[in-house]
Amino acid sequence: MNKVAGLTQLAISSRFSRLIDFSPVVIALLLALVVSSVLLLALSADPIAAYSAMLEGAIGTENATAETLVKATPLLFVGIGITIAFRGGMINIGGEGQMIAGALAGTTIALVLGDLRIAPEFAKEKGAFDLIIVTLSLIGGFLAGALYGGLAGFLKAYFDVNEILSTIMLNQIAVQMMNFLLNGILLDPAEAGFNNIPKTARLVTAAQLPRLSLPIGDPFLFARTRLHWGLIIAIALAVIIYIFLWRTSLGYRIRAVGENQRAASFAGINVKRQMMFSMFLAGGFAGLAGVVQVLGLQYRLQTDGSPAGFTGAAGFNGIVAALFGGLNPIGAIPAAAFFGGLLVGAQKMQRELGTPASLITAVNGLIVVFVVSSEIFIQQRSKRRVSVAEQAEDEEEKAKDDG
Amino acid sequence: MSSNLLPTGHEPIHQLDMTGIVKRFPGVLAADRIDFDVKSGEIHALLGENGAGKSTLMKMLYGLYHPDAGAIRINGEETTIRNPQDAIQHGIGMIHQHFMLVPSLTVAENIALGMKSSRGLRLDLDVVSKRVVELSEIYNLKVDPDYPIWQLAVGEQQRVEILRALYKGAALLILDEPTAVLTPQEVDGLFNILNQLADDGHALVFISHKLHEVLEISHRVTVLRDGRRVNSIPTSEATRPKLAEMMVGRPVLLEYDKNPAEVKDERLILSGVSAFSNRGTVGLDNVSLRLRGGEIVGVAGVSGNGQQELAQCIAGLRETTAGQVIVDGSDVTNAQPSALNAIGLSYIPEERMIDGVIKEFTVAENYVLQDHGHPKFTRGKIFMLFNKIRDACRQAIEAFEIKTPSTETLVKSLSGGNIQKLVLARELSRDPGVLIAAQPTRGVDIGATEYIHQRLLYERDKGTAILLISEDLDEIRALSDRIAVMYEGQIVGEVENVDVDVEQLGLLMTGGGRVA
C-alpha cells in the first residue's frame, strides 16, 4: 500500500506541470501499448488487430461510445471522491464498500418512496420521472457512503487506525451485508421461493434517472443507448469539487492538512475534523457512484455474491482514474473516460481475438506504471525549470546592482 | 603525521591546489573559475552564503561532481578524482552535514562498513574496534566502538564520522558546515579536535557561513559569492564586518542602534507554567515570565533545555500541566491555536519548513495559512478571494523584500531565508500583540538576518511584546532588552541586557550559579 502513497505524492506534486507537459504522458501511453504488444504476441494474437478491435469497441460506434461513458460514470464519481481524500492526505481504498453502502441506502429509499408516491391514489401517470424520489435517493446514497467513509476517517482521527486497513476491511463488511440484505428483506418478492438470485425488486420508472441523449442528428445522438444523466451529474460535480478544493476555505483546509498536518495545526486548523471531513466526502462520492448505478443503469440492486459482483470493481478502478487525472477532479473526467474505454474496448478485443480477460488487467497495470513513471520525468523537468528561473532572476539582480 | 594509517603507499597530501575550476548545472554557473588551495597543517575556511558554491566546489574535490574546466593538483601532480573511492584513495575525506551512519549498527560496524575485512569472508570487527580505540586515543576523540549509533548524541556521531575518515587514511578532511547541528559545548569540543588534527599535519577545509566560527578556528579564509572567489586572506587580517561585506557584497550591519525601550502594559504573563517534554520527562518546570509591550525578552540556553516547550505552551501546541498563560488580559492556558490567532498571538516556529509553511502550496496560499477564512479574504467566509489575497501577498513581498518569481510560485522552490521572510511577513501582517520568535534566523543568510532583526526591532518599537528564543547568544545580545536563561526546564536567571556579563550567561546556561 506504500505504493499507493508514493503514487499520491507523485501525482500531487505534478499538478501544475501536468497541464503544461502532456507529451510525456502520451509517450508513456504509447510505450505501455508497445510493451502490451509483447504480451499479445506471446498469446499469439496480432497486436494491431487487437488494438484496433479495442478502439473499435471503445469508440467505434455510437453505442460503443455510450457504453464507454456509461462505464466511465461510476469511475468519475469514485475518482472525484478519491481525489478529495488523497488531497486531504487520506488514502481511501474503501470505494467498493462505500459504493455498496450508498447503493443499499439509495435503492431502499427509491423502492420505498416509489411504492408510496406512485400508488394509484398519488399519481395517475405511472411512468413520470419523479424529481423528489430521485433527489432523495441520491442524497440518501451520498449520506450512507459518506458515513461509511467518515467512519474510517473518525477511526483514523481519534484512534489512529490506519485508514488503508480500515477501509479494506469495511469493504468486506459491506459486501457481506449486501449479500445478507439482498437474500433477505431486500430480496425481490417476485424472486422469493424461486431461484433466489440476490437482487431487489425493479425500480418504478419514476425512481429512475432518465436516459441522456444529445440534440444532434435524427434520432438524437445516444438516444438508443444506455447512456444516462448520471454522467452529467458527475461532470457537474467534478467542476464543483474543483472549485471547492481550490477556491474555498473549506477545500483549502483539506489540502493544507493533506500536505502538512503540522503546519496546518500550527495555523489553527482542526486537523482531526478535516480528516473526517475529507473521508466523509470521499465516501459520499463513492456512495453516489453506487446509487447512480442502480437508478441510472441497472434499475435494481443485484449481485452475484462475489466482492465485485455489484460494483464491477469501480471502487478500485476509480483510484486509478483519480491518479491518472493528476488528483484533480477536472483531470479525472478524461481519465475516467479513458479507463471506461479501456474496459469496454477490452470486451470487444476479447470477443474478437479470444484473448483472456485477465490480459486487460495486465494492460491496465502497464499503462498505470508507465504513466506514473512519466510523472518522474515531468517532475525533473519542472525542477530544472525552477533552477533556470532562479538563475535568470539572480542575473537580473546582478545587472541591476552593476547598473 | 600518522602516515602508517594510510591504506595505500601513496604520498600524504602536503599541498592541494584547485585552479580555474568551472562547474555548470543546467542554467546555472555554480563555480566560475575558482582557485583554492590548502596545505597540510592548515585549517582553511570556505565562507559564503547559501548557494555561493562552497559545497559544489568541495563535492568536486571529493569526486561527487566533476569540474567542467580547471585542474586539481595533489602535491603538484595533476589528479583526476572520478568518484569518492578515488578521493579516499588519495587521502581525502569528507564529513557531510547530514551524517551517513546506519543508526542500528555499532560504531565499529559503521566504520567497517564498505571496507574489506582482513580475514576474507569473516568479519574482523575486533581488529576494527582495536584500531578505533587507538585512533580515538591519538586524537582525543572519545567514542566507545561497541555502542550503537542511535544511542549517541549528535556531537558523538560527528566524532564517529571523523574517526571513519581518519581510519580510511584521510590526510585532508572536508567538513561541510560541521557546527550546524552542535551545541556550543560540542562546538568547543569539535574545535579542539580540529586544532589537534591540524597540529598533527592534516589539512582541513572548514565550510561555514558563520563569521565568528571562521574567525575562531581557521588560519586562512576564502570567501565565495555567486560561484566566484571574492578573496583569500589570512584570518589574522580578517574582521567580522570585512568578511560580512565580502560575503554579501555590501556593508552589513552587525550591531543595531536601538531606541530605548518604551515599555507599555504587560501583554504576556506566564505564571508557574509546567509541561512534559516529548519524551515524557519534565520539559518545563514552574516557569514564570512577564513581557510588556515594546520590549524584546531573549531566552538563552543550550538547545533542549525547555525553550521549545516554552514556545509551544504559549502557542497552544503543548498541554501545560500547571500554571497559567495570559495574553493581553485573557487566560489562554491550553487554548487552541485558532483562539490564540484570534487574540493576537503570532508564532514563528523553529522548524519553519515543517511547521511554518506548506511547501507544496504557493506563496500566496501560504501567506493566508491562518487567515484563509478571514472576512477580508473571503466572500461569506467560504469563497476565497484570490485577487485580494494576491494583492496583499504582493505588498508583503515588496515590503519584506522576499525574492520570489511570483505569488504563484511553490514555496518549496524558495531559499530558506526567503521562506523565513515569508513566515515573518505573514505573522507580522496579523499585527500581533505578542510575538514568539523561535530561532528566527537559524540557517538564514546574513543579508536576510539583518533584515529580520531590524523588522523585529521595528515591531518592538510599535509596542509588540516579543519573546525571542535563540541559541545564538550574539543574536540575543544584539536584540534583547532583557535576557532570561533557561536550564533544565527552568528559568535560572533573568538579567537586563546592559553590561551583561557573557561569562555569567555562559555559566547560567550550563547550570552553574543562579541569580534571583
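## Helix α4 of chain A

In this predicted model, helix α4 of chain A spans residues 47-60, and its buried residues are A:Ala50, A:Ala53, A:Met54, A:Gly57 and A:Ala58. Viewed down the axis of α4(A), these buried residues lie within an arc of 125 degrees, so they line one face of the helix. An α-helix has 3.6 residues a turn, so residues three or four places apart point the same way.

## Helix α4 of chain B

Helix α4 of chain B, residues 125-138, contains 14 residues. From first C-alpha to last, α4(B) reaches 20 Å, close to the 20 Å expected at 1.5 Å a residue. Its buried residues are B:Val128, B:Val132, B:Leu135 and B:Ser136. They are on the same side of α4(B) because they cover an arc of only 95 degrees around the axis.

The cover over the buried residues of α4(B) includes α3 (107-112) and α5 (154-167) of chain B. On the face turned away from the buried side, α4(B) carries the exposed residues B:Asp126 and B:Glu137. Just after α4(B), B:Asn140 has a positive phi of about 60 degrees.

## Contact between chains A and B

Between the two chains, 23 residues of chain A are in contact with 28 residues of chain B. On the side of chain A that touches chain B, at least two residues each come from α1 (2-13), α10 (249-259), α11 (261-266) and α15 (358-402). The largest share of that side, seven residues, is supplied by α15(A).

Sorted by class, the side of chain A that touches chain B consists of ten nonpolar, eight polar and five charged residues.

Notes. Residues numbered from 1 in each chain as written. Chains lettered and ligands numbered in written order. Predicted model: local features only at pLDDT ≥ 70, side-chain atom pairs only at ≥ 80, totals over all residues. Helix = DSSP H or I, 4+ residues; strand = E, 2+ residues; numbered from the N terminus. Expected span 1.5 Å × (residues − 1). Buried ≥ 20, exposed ≤ 12 C-beta atoms within 10 Å, placed from the backbone. Arc of directions from axis to C-beta. Contact = placed C-beta atoms within 7 Å. Nonpolar A, V, L, I, M, F, W, Y, C, P; charged D, E, K, R; others polar.
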